[in-house]
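Welcome! Please take a moment with the sequence and the 3D view below before reading on.

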Amino acid sequence: MTDRIATIERLLARAGADQRPLAVLDLDAFDTNAEDLARRAQGMPIRVASKSLRVRGLLERVLRRPEFQGILSYSLPEALWLVEHGMDDVVVAYPTAERAALRELAARPAALEAITLMVDEVAQLELISAAIADLAPLPGGSRIRVAIELDVSYAPLPGVRFGAFRSPVRTPAQAAALAREIVARPQLLLVGMMAYEGHIAGVTDNARTPYGMAVRGMKALSRPDIAARRAEAVAAVRELTDLEFINGGGTGSIESTRTEAAVTEIAAGSGLIGPGLFDRYVDFTPQPALLLALSVVRRPAPEVATLLGGGWIASGVPGEDRLPTIAHPGGLAFAPQEAAGEVQTPVMGPAAADLRVGDTVWLRHAKAGEPAEHFTHYHLVDGDELLGTTPTYRGEGELFL
C-alpha cells in the first residue's frame with residue numbers, strides 16, 4: 001500500500017489538490033474488488049447495497065457490470081431520488097414510516113414500477129394504506145411493490161441469540177400469515193423476500209484467539225439453520241403468490257448464501273470499498289479502495305504528531321474496531337487517552353518523529369459508506385491518472401437519514 005499511496009500523493013501534488021482532509025477512491029482497487037465479489041458469487045446476481053457507497057457515480061459504475069443487478073437502498077427518499085436519476089430496480093432494505101415519501105411514490109408511475117418496499121408486520125401495511133388512501137386508485141392501476149423480510153438470527157438456546165434485531169417474522173408460518181395480509185390488500189403487490197444473515201456476513205472471524213474460533217464455530221452451526229428456515233419460508237409464501245426475487249447474504253457470507261437453492265440474488269456493497277473492518281475476515285481480503293488524507297498541524301512531543309480532525313468513528317457497538325485504521329505511514333498508533341478525535345487526533349510512535357507540520361497521514365474508515373457523510377466529493381485515481389472528482393450524496397445536496 002505504501003507504493004500506491006506514494007503514487008496517489010504524487011498525482012494530487014501535480015494537480016494542486018492540497019486541501020486536507022480529502023478522500024481518494026482508487027478505481028483500480030474498486031474494480032478489482034467488484035471482480036472478486038463476482039468470482040465469489042459464481043454467477044448469482046449481486047444487488048448493490050447503496051449505504052456502502054453513497055456515491056451515485058460509483059453505483060452507476062458497478063452496475064455496468066453484468067454480474068451486478070439492482071440496488072439495495074436504505075431509505076425510501078433515497079430510492080425515489082435514485083429512480084429520478086435513472087435507476088430502475090431499487091429494493092428498500094428497511095421498512096419506511098415516511099408518509100410524504102409514500103405519497104410521492106404512489107404518485108409517480110416510474111417509481112411504482114422500480115421500487116420495492118420492505119415490510120415485516122401488519123402495522124406497516126396499515127401505515128402504507130393510510131398514507132396513500134386519498135390517492136386510490138394508483139396511476140394506471142399500479143400497485144405498491146413490497147417484500148417480506150425474514151429474520152434469520154441464530155437462537156440455539158433460550159436466551160442465547162446471535163444476529164441483529166430486525167424482522168419479527170422468524171418462521172414459515174409467520175411469513176405465510178403476513179403474505180396473506182399483503183395479497184388481501186388490492187393496492188399492494190408482494191414480489192419478493194429478503195433475509196440478512198448479519199451474524200455471518202457482518203461479524204469478523206479471523207482473530208487467532210478463542211473468540212475468533214468461537215465466532216467461526218457459531219457461523220458453522222448457524223448456516224444449516226438459516227438455509228432450512230429460509231427455504232421453508234420461501235416455499236410457504238410461494239404457495240400464495242409468485243415471487244420475483246429472494247435476497248440474501250452480504251459481502252461476508254457470499255460463499256454460503258450462494259449455495260442455497262431458495263436464494264436468487266446476494267446483497268453486497270462493503271466489499272467494493274474494503275474498509276478497515278474487512279481486514280478481519282478469514283475467507284476473503286478486499287483491497288482498500290477508499291483512503292482519507294489528514295494534515296499534521298501540531299507536534300506536541302518528539303514522537304507525537306497531531307492531525308486536524310479524524311474522529312470518524314464507525315457505527316455499531318463501540319470498540320477499538322470502530323476506529324479508523326492508520327494506513328500510512330507505518331509505525332503510528334492512536335494516543336490511548338484520545339484515540340480519533342472530533343477536531344484533533346494525536347498519533348504516536350517512532351514514525352511520528354519524522355512527521356512535520358503540513359505532512360499527510362492516511363486513514364481508512366472502519367466502514368465503507370460512512371465517510372461519504374463527511375465529504376462532498378471523492379478524488380478518483382485510475383492507475384497513474386487523477387480523473388477528477390465525483391460527488392457523494394452529500395455533495396449532490398442530499399442527506400438520507
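**Ground rules**

This is a predicted model, in which local features need pLDDT of at least 70 and side-chain atom pairs count only at pLDDT 80 or more, while totals for chains, interfaces and linings use all residues. Residues are numbered from 1 along each chain as its sequence is written, and side-chain values use heavy atoms, with hydrogens and water left out.

**The whole chain**

The protein chain holds twelve helices and 19 strands; these are DSSP runs, numbered from the N terminus, with helices being H or I of at least four residues and strands E of at least two. Its radius of gyration is 23 Å, close to the 21 Å from the globule rule for 401 residues, so the chain is as compact as a globular protein of that length. (The radius is taken over C-alpha atoms, and the rule is 2.2 Å times the number of residues to the power 0.38.) Along the principal axes, the C-alpha trace spans about 70 × 50 × 35 Å.

Of the 401 residues, 53% are buried. Here buried means under 20% relative accessible area and exposed over 50%, with partly exposed in between, using a 1.4 Å probe and protein chains only. The accessible surface of the chain comes to about 17,300 Å², and carbon and sulfur atoms account for 53% of that surface; such areas come from the Shrake-Rupley method with a 1.4 Å probe, and for residues only the protein chains shown count as cover. Among contacts (heavy atoms within 4.5 Å) between residues at least 6 apart in sequence, 68% join residues at least 24 apart.

**The barrel**

Now look for the closed barrel: eight strands, in the order β2-β3-β4-β5-β6-β9-β10-β11, with parallel pairing. Neighbouring strands of this sheet are turned by 30 degrees against each other on average, direction ignored. Two strands pair if DSSP finds at least two bridges between them.

Helix α2 (residues 27-41) packs on the sheet and touches β2 (46-49), β3 (68-73) and β11 (265-268). The direction of α2 makes about 140 degrees with that of β2. Helix α3 (residues 56-63) also packs on the sheet, touching β2 and β3, and its direction makes about 150 degrees with that of β3. For these angles, axes are lines fitted to C-alpha atoms, for helices over the stretch in contact, and values run from 0 to 180 degrees between N-to-C directions.

Strands β2 and β3 pair in the parallel sense over three bridges, and Ala 49 has Leu 72 of β3 as its bridge partner.

Most residues other than glycine have a negative phi, and most peptide bonds are trans. The table lists some exceptions.

| Site | Backbone feature | Value |
|---|---|---|
| Arg 20 and Pro 21 | cis peptide bond | omega about 0 degrees |
| His 328 and Pro 329 | cis peptide bond | omega about 0 degrees |
| Gln 42 | positive phi | about 50 degrees |
| Arg 54 | positive phi | about 55 degrees |

Pro 21 lies in the loop between α1 (2-15) and β1 (22-26), while Pro 329 is in the loop between β14 (325-328) and β15 (333-334). Gln 42 sits in the loop between α2 and β2 and is exposed, with a relative accessible area of 58%. Arg 54, in the loop between β2 and α3, counts as buried at 12% relative accessibility.

**A buried arginine**

Arg 364 is part of strand β17 (residues 360-364). Is Arg 364 buried or exposed? At 5% relative accessibility, Arg 364 counts as buried. Leaving aside neighbours within four places in sequence, Arg 364 has contacts that include Met 1, Asp 279, Leu 290 and Thr 325. Gly 274 is also in contact with Arg 364, and the backbone oxygen of Gly 274 lies 2.9 Å from a polar atom of the Arg 364 side chain.

Note on methods: A polar contact is a pair of N or O atoms within 3.5 Å; within protein, one must be able to donate a hydrogen and the other to accept it, and residues adjacent in sequence count only if both atoms are side-chain atoms.
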